[in-house]
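Student: I am new to this structure and would like to learn how to read it step by step. Could you take me through a few of its features?

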Amino acid sequence: MSISRRQLLKKTAAAAGTAAIAGQSTSTSGQAPAVVTARRFRAWVTRGFGSDRTTLQELTLRPISGRQIVVRTEATNLCYSNVPFVLSLQAPAAAGGRADGPPGGPPAGGAAAGGRGAPPQRGTIQGHGGVGIVEAVGPQVRRVQVGDRVCVSGTPQCGSCYQCLRGRADMCQYLSDNNLAVIAEMTDGTPVVANSHIGGLAELMVTNEEWVVPIFTKASAADLGMACSCVAVAGLGATTSPTLAPVQSASTAAVVGCGPLGLSAVIGAKLAGASTIIAIDPIRVRRELALKLGATHALDPNTAGLDVVARVRELTRFPTDRFQSGGRNSGGLLGGAGADFVIEAVGADAVPPKMEAGPDPTGILPMRQAYEMTAPGGHVITTSLPRGNITLPGVLFSIGGRTHHAGQAGGSQPMRDIPRYVAMLDAGQFNARALATTVVRLDDMLPAYEQVAYRTTVTAIMTP
Ligand SMILES: [Zn+2]
Ligand SMILES: [Zn+2]
């Protein structure tokens, strides 16, 4: 059969087109062709260094591919750790470099996230997580389908990296993947990335399969946004996730710092059945809220003459100190006193609060106190972002019997634990409304973030 020159040219052109599409897709997914979902949406974009560095922009979504997922945002939390980047409030000198991503991990977003020395050529959608509805999926996505309700988790869980395979998805190595994809463009063509592969302060989140957890619930957007927020996940994880040191029934617990993370830990400790829960925070309304949510005692670390560590040891005293009768005494390096479980959730001040300030703006002193108020044989789980280095008594650290757990996400394993937290919300066990003291729409995001920064609200949820 003969082929005309015209037919041959047509065939060649078609083949060239196929090659171009294949070439495009291999750079991102290695397999399937790109899925085109061009769409316009509004987002708060941080760009450059100026005083108005975060502005509301209309963006055009870029085509997605591979394991990418487009989620229509229903709710996102305004995390304190993003304060220096979203607002034009400079953190005090030598601030920890982790203010733009999930707690505890390496910097996400790199220079594009708005750190010192960042080139202004890219914009970044801040935030790290939220809840929403899947609008589009790349061809390799299996975990969720279009129309699913999902939590975009602050911590990924790929299921196949070294850490995920050994049961430490809280350390999933995608967490430190700084190779951010350009997901959208501003009207002037400026490329835009999402902080930590997630974003959140936008009508859409574009993320990858590893960060997404399908959830099945009819809970309201704001309640769900609170229960699935990075802070609730960390507080509930530190107290109820099996990964680190879940609080045991009838044990004694202390929670140092009663922001949204610490208050979630108070709720978790109560759910786990702790007999004594001591909440420690300088802000009176937060201590009162802790008592409503299940704390049995509340301490103000600013009270003149109060030795917080000694007071916790007193409050966790047994009815007897007779060793022969199962008792424990109250002091000494190897004494029995102290809380069985201590959850530390203070961190450094990004800006001086407009409410009662704590005793140490770096967050180091309360972290050390958290270690020291832990009983021998007990567990201390740290979850905050302090500024500087911690010094501990060497002998206490060496042979004092306290076990420290570095609590990125409180040890939560997203695919296993986030559905549990949603179940707690649905069962009325997690009081989301008590924590989400500010709920705003997209346009009112900045004033709400200022409330978070100055600690005049417990935390804020944005529902676009
Ligand atoms: Zn966060
Ligand atoms: Zn992993």
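Predicted model: local features only at pLDDT ≥ 70, side-chain atom pairs only at ≥ 80, totals over all residues.

Student: How many helices and strands does the chain have?

Tutor: Helices (H or I, at least four residues) and strands (E, at least two) are DSSP runs numbered from the N terminus, and here they come to 13 helices and 18 strands. Of the 464 residues, 56% count as buried, where buried means under 20% relative accessible area, exposed over 50% and partly exposed in between, with a 1.4 Å probe and protein chains only.

Student: Which protein atoms are the donors of the zinc ion (ligand 1)?

Tutor: Donors are N, O and S atoms within 2.8 Å of the metal (3.2 Å for Na, K and Ca), and since water is not among the atoms, sites may look incomplete. For the zinc ion they are C79 (SG), H128 (NE2) and C230 (SG), lying 2.0 to 2.2 Å from it. H128 lies in the loop between β4 (123–125) and β5 (130–137) and C230 in helix α5, so this pair ties together parts that are 102 residues apart in sequence. H128 is buried, with a relative accessible area of 3%, and C230 counts as buried at 10%.

Student: Where is C151 found, and which residues does it touch?

Tutor: C151 is in strand β6 (residues 149–152) and is buried, with a relative accessible area of 0%. Contact means heavy atoms within 4.5 Å; leaving aside residues up to four places away in sequence, C151 touches several residues, including W211, C228 and I418.

Student: How are two packed helices described?

Tutor: They are described by the angle between their axes and the distance between the axes. Helix α5 (residues 230–240) and helix α11 (residues 414–426) pack at about 100°, with axes 11 Å apart, and are therefore roughly perpendicular to each other, a term for angles of 65 to 115 degrees. The contact is made by V233, L236, G237 and T240 of α5 and I418, R420, Y421 and M424 of α11.

How values were computed. Residues numbered from 1 in each chain as written. Chains lettered and ligands numbered in written order. Heavy atoms only, no water. Axes fitted to C-alpha atoms, helices over the stretch in contact; angles between N-to-C directions. Parallel < 35°, antiparallel > 145°, perpendicular 65-115°, else oblique.
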